[in-house]
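Biologist: I'd like to learn how to read the inside of a fold. Could you walk me through one?

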Amino acid sequence: MNKPALYFLRHGIAVERGAPGYKENERPLTSKGIKEVKKIAKALKRMKLRPDLILTSPYLRAAHTAEITGKILKKKKHIRYSLNLTPSAKFPVLLKELQKLTKKNTEIFLVGHEPHLSGFVSYLISGDSKARFILKKSGICKVVYDPQKLLPGKCSFAWLLPPSLLIS
């Protein structure tokens, strides 16, 4: 039997930070970003990933990534927004939210931002946020967990896939 998993999906390519006319939380995906996210979501569908829940940052670029992914995976009704996935959110608060959600959902996609996502993965697998890796835009990684022990340092890193490996 497969262990429950958390999938960390970084938002797609967005309008550059500091671009005139856009607040940080309002930067949309670019047309290239939209195309790439659609390709990634189709690859995730081919991998037969079927999340019970898609939890996303409410920032526009992440929310749009979650919506595109949800539509392609036929999980659009399973999208929820969480301030705990914004770039400045605290890991212990996000962990508490996930501990509640994993009681009913074993496969959860988390859509957010860097370096917040990789820092949180590090927190889950090592107990602190110092173990770093690069989660490219539209990249995804998998972390498996024991439903009884979703705690810092008690999860296992399964894999990391950059967009270049997902898009053929």
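Modeller: Start with burial: buried means under 20% relative accessible area, exposed over 50%, and partly exposed in between, using a 1.4 Å probe and protein chains only. Here, buried residues make up 52% of the 168 residues in the protein chain. This is a predicted model, where local features need pLDDT of at least 70, side-chain atom pairs count only at pLDDT 80 or more, and totals for chains, interfaces and linings use all residues. Numbering runs from 1 along each chain as its sequence is written, and side-chain values use heavy atoms, without hydrogens or water.

Biologist: Which residues have the most contacts inside the largest nonpolar core?

Modeller: The general idea is that nonpolar side chains tend to be buried together in soluble globular proteins. A nonpolar core is a set of buried Ala, Val, Leu, Ile, Met, Phe, Trp, Tyr and Cys residues joined through side-chain atoms within 4.5 Å. The largest one has 24 residues, with Leu-6, Phe-8, Leu-98, Leu-110, Phe-120 and Leu-124 making the most contacts inside it. A second, separate core has 18 residues, including Leu-44 and Ile-79.

Biologist: And what is Leu-98 in contact with?

Modeller: Contact means heavy atoms within 4.5 Å. Leaving aside neighbours within four places in sequence, Leu-98 is in contact with Leu-6, Leu-55, Ile-108, Leu-110, Phe-120 and Leu-150.

Biologist: How many helices and strands are there?

Modeller: DSSP runs define them: helices are H or I with at least four residues, strands E with at least two, numbered from the N terminus. The protein chain has five helices and six strands, in the order β-α-β-α-β-α-β-α-β-β-α.
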